[in-house]
Amino acid sequence: MWYHKPVINEELLQSLPNLKIVASSGVGIDHLDLKLLFSYGVKVANTPFIVSTDTADLGMALLLASSRRLVEGHEMAVSPDTEYFPADWLGIQVSGATLGIVGMGTIGYKVAERAKAFEMKILYHNRNQRKKEEESAVGAVYCKKIDDLLQQSDFVLLAVNLTPQTHKLIGKRELELMKPTAILINISRGLVVDQDALVEALQNKVINAAALDVTYPEPLPRDHPLLKLKNVIITPHIGSATKRTRWVMMEEMAESIEAGLAGLPIPREVL
């Protein structure tokens, strides 16, 4: 499967009685009905680890681009209407700011490693607290309640899997808990955020800005209000989109398929 295609449903499974394995690119498996697949005796594999470094890099790129208003700045610099650069055109300082990471898995932890190099204060919220030595290595402080993280953070970065528990995890209430100067960064899945609530929060200056690698749907309809806001950066779901990583993803999928067909243990099997 690539870009969630083909769609795996009962009709397809019934038409493929000899199907042994589905290898899906990337880490997310929210597009797969695992119970249905397992009921047909089909095994599942993904590529969870190779994507983490590039996705963390993109998370930091979005943080920096939004804080320093790089897209707006570029548009101003190249506009044929620009006659001068305004002296009061200012961004938000990253060094010394507080980053709240929601979802401290492999990607979230790699973001923390990068943020430490920018001398950021790091908070995180996760289902389970990391080991003390892991926290110490990046200077991260655990927030058992997400509300505490939202209230204290200058940047809130989402790096969770999409599950029933994280569906619209960030809604109107959560956005209102954030600082009016805060920036929301989403590198997980679009449905982790209530998009209507986000539009309202950005329009009404409840939060300062948003940087999104993911939306729902993808791409957004061309008349969607998010596309008209100056305080939003949107990229086309490119977290893992480097030549090297995509090549390795293909290799890992092929390895899993070969193992599945040979009846051998499947690397990166989803259980």
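**Pockets, cores and strand pairing**

Arg69 lies in the loop between helix 3 and helix 4, where helices (H or I, at least four residues) and strands (E, at least two) are DSSP runs numbered from the N terminus. The structure is a predicted model, in which local features need pLDDT of at least 70 and side-chain atom pairs count only at pLDDT 80 or more, whereas totals for chains, interfaces and linings use all residues. Residues are numbered from 1 along each chain as its sequence is written, and side-chain values use heavy atoms, with hydrogens and water left out. Although Arg69 is not a glycine, its phi is positive, at about 55 degrees. Arg69 counts as partly exposed because its relative accessibility is 25%, the class between buried (under 20% relative accessible area) and exposed (over 50%), with a 1.4 Å probe and protein chains only. Val71, by contrast, is placed in helix 4; its relative accessibility is 38%, and therefore Val71 also counts as partly exposed. The C-alpha atom of Val71 is separated by 21 Å from that of Pro180, a residue 109 places away along the chain.

The second largest pocket holds about 340 Å³ of space. Its lining consists of 20 residues, of which Arg69, Glu72, Lys230, Asn231 and Val232 are the closest to the centre. A pocket is here an open set of points on a 1 Å grid over the protein atoms alone, with protein on both sides within 12 Å along at least five of seven lines, and lining residues have an atom within 4 Å of a point; a cavity is a set where a 1.4 Å probe fits but cannot get out. Volumes are the space filled by probe spheres set on the points, which are joined across faces, edges and corners. At least two lining residues of this second largest pocket come from each of helix 3 (52–67), helix 4 (70–78), strand 8 (209–212) and strand 9 (232–234), and helix 4 gives the most, with four residues. The lining comprises 10 nonpolar, five polar and five charged residues, with Ala, Val, Leu, Ile, Met, Phe, Trp, Tyr, Cys and Pro counted as nonpolar, Asp, Glu, Lys and Arg as charged, and the others, Gly among them, as polar.

One cavity of 30 Å³ or more is present in the structure, and the volume of the largest cavity is about 30 Å³. The largest cavity is lined by Asn186, Gly190, Val193, Gln195, Leu198, Leu212 and Val214, a lining that divides into four nonpolar, three polar and no charged residues.

The largest nonpolar core contains 30 residues, and those that touch the most other members are Leu99, Ile101, Val111, Phe155 and Ile185. Such a core is a set of buried Ala, Val, Leu, Ile, Met, Phe, Trp, Tyr and Cys residues joined through side-chain atoms within 4.5 Å. At least two residues of this core are supplied by each of helix 3, strand 3 (98–102), helix 5 (106–117), strand 4 (121–125), strand 6 (155–158), strand 7 (183–186) and strand 8, and helix 3 provides the largest share, six residues. When neighbours within four places in sequence are left aside, Ile185 is in contact (heavy atoms within 4.5 Å) with Gly59, Leu62, Leu63, Phe155, Val156, Leu157, Leu158 and Ala211. A second, separate core has 29 residues, including Ile170, Leu184, Val199 and Leu220.

Strand 3 is mostly covered, five of its five residues being buried. Thr98, Gly100 and Val102 point one way from strand 3, Leu99 and Ile101 point the other way, and all are buried. In a regular strand the side chains alternate between the two faces of the sheet. Strand 3 pairs with strand 4 in the parallel sense over five bridges, pairing requiring that DSSP finds at least two bridges between the strands; Tyr124 in strand 4 is the bridge partner of Ile101.

An open sheet of mixed pairing is formed by three strands in the order 1-2-10. Strand 1 (21–23) and strand 10 (269–270) are its edge strands, each of which pairs on one side only. The pairing of strand 1 with strand 2 (residues 43–45) is parallel and runs over three bridges, with Val44 in strand 2 as the bridge partner of Val22.

Two cis peptide bonds were also considered. Tyr216 and Pro217 are joined by one with omega of about -5 degrees, and the bond from Glu218 to Pro219 is cis with omega near -5 degrees.
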